[in-house]
Amino acid sequence: MERIHQNLPALIVVLPLCMGLITSIIGRRGLGWWLAMGTASAVLAMAVQLLVNVLESGTLTVTYQMGSWPAPFGIVYVVDPLNAGVLTIVALIGAIVTLYARKSIASEMDPRRLHFFYALWLFCMTGLLGITITGDAFNLYVLLEISSLSTYTLVALGRQRNRRALTAAINYLVLGSIGATFYLLGIAYLYMVTGSLNIADIQHILATKVFPTWGTDAPMYRTTVYVGFALMAVGLSLKLALFPLHGWLPNAYTYAPSSVSALLASTATKVGAYAFIRVIFTLVGTGFAYRMLHTDVVLMVSAGAAILVGSWMAFRQTSLKKLLAYSSIGQIGYITLGFALGNVNGLTASIIHLFNHALTKGGMFMALGVVAYRLGNTRLQDVQGLGRKLPFTMAAFTAGGLGLIGVPLTAGFVSKWYLVTACIEAGRYEMAAIVLVGSLIALLYVWKVVEAIYFGKRPENVPGVKEAPLTMLVPTLLLAGASIYFGIDASTSARVATAAAHFLLGVTP
Amino acid sequence: MTPEMTILLAIGVPLLGSVLIAMSDRVPNLREAFTLLTAVATFGLVASLYPLVIAGGQPRVELLTVIPGVPLSFKVEPLGMVYALVATLLWMPNSLYSIGYMRGNNEKHQTRFYICFPLAIASAIGIAFAENLFTMFVFYETLTLSTFPLVTHKGNTDAVRSGRVYLGILLTTSVCFQLLAVLWIAALHNGGAVSSLNFTHGGIFREGLASGAVSPAIFGLLFFLYIYGIGKAALMPVHRWLPAAMVAPTPVSAFLHAVAVVKAGVFCVIKVTVYVFGVDLLQSQGRGDWLIYVAGTTILAASLIALFQDNLKKRLAYSTISQLSYVVLGVALFTPLGIMAATFHIVAHAFGKITLFFAAGSVYTAAHKTQVSQLDGIGRRMPWTMGAFAIGTLSMIGVPPVVGMASKWLLINGVVEAWSIPDGHFAEVFALVVILFSTLLNAGYFLPIVYRAFFKPLSDSDRAHPHGEAPWPIVTALTFTAALTLFFFFWNKPAYELAELVRRAVG
Amino acid sequence: MQVVLDHYNYWVCVILMMIGFYGVIAKTNLIKKALSLSLFQTGVLVFYISIGKVEGGTGPVLDPRNPEAVYSNPLPHALMLTAIVVGVATLSVAMAIIVNIRERYGTIDERDIEDIENQAQE
C-alpha cells in the first residue's frame, strides 16, 4: 500500500496506458468496458488522493522522479494545487463518461470492435492525465500527441452515424499536428537558450541567467526566447481552440460519437488551457509574458472575440451538438480571459471555470447523447416537445443551460462572479461588459433550445420515445447535479482554485 | 423555536410544500390542501417574527457559504418584514383564488402551476430577508425563473412570445446592471473601499466616499445600475415585461402584481437605497436626483397609456406600472418620510391591486369577458365582484375610506419634508404636480369601469347568456382582500409601525 | 549573405517547414496534405538535430584515449527518435482516415467532398 502511495504520480499515467494495451488485446465481448471502467475508477481514486496529498503537504507540491533520476536530468512529475485540480477534473469526468459510454457507443459502432474504442479511450485519458502531471516540457509534447492521436481516431469513429466525422477528424488531425509541431519547435528554442527541458529548470535559468541581462547592454538570447514563447503560445492556442484558431473544434465535437464529444468537451480543451497557464505562469512567468511581451492584451482580445463570436455562432446553429460546440468556444474565451487578467481572482476564475464548465458542458453533451441514442439525431427539430418524453434528460440539459447563462446557484455563476470581479479589479471594464453581454447571448441560445424542449410540439406520426437507460441517465444526472451543487456550495472548488491561483502567483493568502 | 430556525423554515416550508404538491399529482384535492396548508404555515412563520422585529430585534442566520466570503445569509429587519408579511398574507387568498380559477376554467398542467407558486414565495421571502447583496440577487433571479413557467402557463405561441419578453427584460437588466453593480461593489470590497457586502444602516459607501476611495461618479453610476438592474420595479423604459406577462392566467397576474414580483422590485429599490447607498448620502451627493423625474414621467406616461387600454388586464397592468413609480417617487425624495411613504405604499397598493385582479379574473371565469367595453351592466349580475372592484378602484385613486388614501397622504408629507431641504424646490413641485395629475388620471381610467358595470344597461347579446357570480373560492378570496383594503384604512398599525421603524432607521 | 550562410541549418529547416506548411494549406488532395504535414514536421526534426551539433564535436561515446574530446549533444537526437515515432503515427492515422474517406465518399479531394456534402444537404 505504502509503495502504491509513493508511486501515485507515475501510476496515474502508467495504469491507463498499460490497461489500454491490455484492453486492445483481451477486451472483447464487453470485457473492454469493464476494464476501462475499472481503470477510470482507479484513476479517479488516485487523483483525489493526490489532490488531498498536495493540499495537505506544506510545500503544496509533490515531486516524483521517474526511475529516480533527479531533475533536470530525468523526467519528473510534479503535482501542485493547479494540476492536482485539473487531474481530478479529468479523472472525474473520465470515470463518469466511461460509465455513460457503454450503451451510448454500443449503438454507434461495430460491436466487434468495441475493445479498440476502449483502448483508445484509455490512451486518450493517459495523454490528458500525462500532460497535466508532467514537469517536463518535451514529455508534455509526447503526451499531447498520445492524447491527440487517440482523439483523432475517436472522432473518426463517429463515421457510422455520419461520414462527416471522417472529414472532421482529418481536419482536426492536420490542425492539431500543426499546433503540436509549433509547440515542439518552441521547446527547441528554449532548449537552445537553457539547455534544459525541465519546466522548473527552464524557469530557473531564464529567471536567473537570461532575463537579468536584458536590461543591460548585452541582452542574451532575447529574440530566441521571444520566438520560442510565441511558437509555444500559438501551438497551445490551437490545441485550446482559442479564437481565431478554433476552426477544428465545431465539426470535431459535432460528428464525434456522443460519449467522445462529452469527454473532449469537458477535458481536452481544459487540459489545453492548463498547459497554456503552465507555460505562461510557470515556464516563462508573467513578468516576461505579460509585462514585457503584452501577451495579455492579445489574449484578452482573442478571449473577448471568442466570447462574442462563439456565443453568437452558437445562437445561429440548428444542430444542437454544433450549438454546444460553438458555445464551448465562447466558454474557452472566459477561461482565457481569466488567466489573461493575471490577478488572483482572474486566475481563480479561470481554474474554477475549467471545473465548472467541464461539469456543465459534459452533462449537456451527455443529455444530447441520450437524444441521439433514442432518436438518432440531435437537430433542434428533434427535441421539440421532448420535455414530456425525456423529463430527466431534458431537465439535465436545462440545468446545464442555466449554468452556461450563469444563473445564480449554478456553477457557471460562481465562475462569472470571480471573473467579473477580477475584470473590475484589473480596471478592464470593457471585458466585464463583454462577459455580461456573453451571458445574454448564452441566454438567447439556451432559451432557443429550452423553448423547443418545453413548448415545442412533437411532430405527428413519430414513434414514442422512452427515457434513457439507467446507465446513461445516472451519469448525465450526476454531472448536471454536480453543476448545480458546485453552484450552491462552491467552497471546495473555490478553495482548490484559490490555492492554485495563490500558488501560481506566489502570493501567500 | 428560535427566530433563526423560523427564518430558515419560512423559506423551507414552501419548498417542502412544492415537493408535496408534486407528489400528490394524482389527487387534486390533496394537492390543493397542501397548497393552502403551505400558504397558512408560511404566513404563520413569517408573522411569528413580527413581535420580535417590532421590539427591535434583528435575528440573522447564515445558510451556507456559496463562494468563500460571500454567504447566503438572512437577516430580518423592518423593511423586509413589511414585504414578507404582505407577500405571505396575500398568498393565502391568492391560493384559494387559484384553486377556484384553475378549476373553473379547466386549465391544464395544474400540478406544475401549483409547484411553481411556493417556489416563487420562497424566493420572495429570500429577497425580503436577504442580508447581503449577493443573497438578494440570487433570490431575485430565482423569483424570475420560478415565475416563468407561470407566465407561459398556456403554452401557446402568444405565451411563449410574452415569456420571452418577460424573461428577456428581467434577466437582461439584472445580469447587465444589477449583477455588474453587485460585482463592482464586491471588487471595491476586495480592495477595501467598501466596508461590507451586507445591508448596513446608513449605507456601505460612507467611509469610501469620505476617504475618496470611491469617487462620487462611481457612486452615482452604481446607483443607476442598481435602479435599472431591478427591472421588476418596472421603471420606464424597462416596463415592457409587465404588460407582456398579462397572457398568464389571472391568479398569476395577481401574484405578479400584488403578491410577489413587482413588490420585490420596489422593495429592492427601497432596500438598496436605504441600506446600500444611504438616503442622506444620496441626498447630499445629489447623484440620484434624476430618479424623481424618471419616476414622475413613468407615473404619468403609464397612466395615460392605461386610459386608452380596452383590455381590462392591460389597463390594470399599466396602472401597476404607475403605482410602482409612486413607491420609487417616495424613494427619490431621499427623505425619511419619503421612504416611509414608499414602504407603506407597497402594502396599500398590494391590497388594492390584488382585489382588482381577482375581480378581473372573476369576470373572465364567470362571463368570459376580457375587454372593458364588454362590461356594461355586469355589476348587477356579479355584485360581489364588482363591489370589490369598486373598492380596489377607490384605493388606487386614493380616496378615503380605503388604504390608498393613507399612503398618498404619507407621500405628500414626504414631499413637504423634502421641501425643508434648501435647494431649488423644483423637484418637489414636480412631484406634487405628478401626484395631483396622476390622481385625476387614475380616476379617469378606473371610474368609467365602475360606472359601466353598475349604471349602464346590459347589452342585448349579454341578456341572452345569463350567468351568475364566479365559483365560491374566487368570491371568498376577493371579498377577503376587498375587506382588507377597507379595514386597513382604519387599522394599519402593523404596517405603520414597521414603516415607522424604517423611517427611524433612515433618519 | 553572411547571415544566410551562418545560419544555414536554420534556413534549411525554415524552407522545409514552409514547403510543408504551404502544402497543408494549399493542397486539396488529402494525401498530399498529409505528406505536406509530414514534411512540416520533418523541418522541426532537422532543426532539433542541427542544434545538437557542437562545433568540432564528435559522437557522444566516451573515448578514454582522448580526454579533451568535445562531444555533440545527444539529447536532441534522442528526443527526435520519439518525435519521428510520433510523426509516423500521425501519418498512419491520417492515412487510415483518408482510406475511410475514400471508401465513403469515393474521392480524396477536399473540394469534391465539400460538393458532395452540399448536394446531400440540398
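What share of the contacts in chain C with a separation of 6 or more comes from residues 24 or more positions apart? In this predicted model, in which local features need pLDDT of at least 70, side-chain atom pairs count only at pLDDT 80 or more, and totals for chains, interfaces and linings use all residues, the share is 45%, two residues being in contact if their C-beta atoms, placed from the backbone, lie within 7 Å. Residues are numbered from 1 along each chain as its sequence is written, while chains are lettered from A and ligands numbered from 1 in the order in which they are written.

Chain C contains 5 helices and 0 strands (DSSP runs numbered from the N terminus: H or I of at least four residues for helices, E of at least two for strands). Its radius of gyration, taken over C-alpha atoms, is 21 Å, whereas a compact globule of 122 residues would have one near 14 Å (by the rule of 2.2 Å times the number of residues to the power 0.38). Along the principal axes, the C-alpha atoms of chain C occupy a box of roughly 75 × 35 × 15 Å.

The contact between chains A and C involves 23 residues from chain A and 26 residues from chain C. On the side of chain A that touches chain C, α6 (137–156) and α7 (164–194) each supply at least two residues, and α7(A) gives the most, with 14 residues.

In chain B, Ala87(B) belongs to helix α4 (residues 78–104). Ala87(B) is buried because 30 other C-beta atoms lie within 10 Å, the cut-off for buried being 20 or more, with C-beta atoms placed from the backbone. Beyond its neighbours within four places in sequence, Ala87(B) contacts Ile121(B), Ala124(B), Val259(B), Ala260(B) and Lys263(B).

Notes:
Buried ≥ 20, exposed ≤ 12 C-beta atoms within 10 Å, placed from the backbone.
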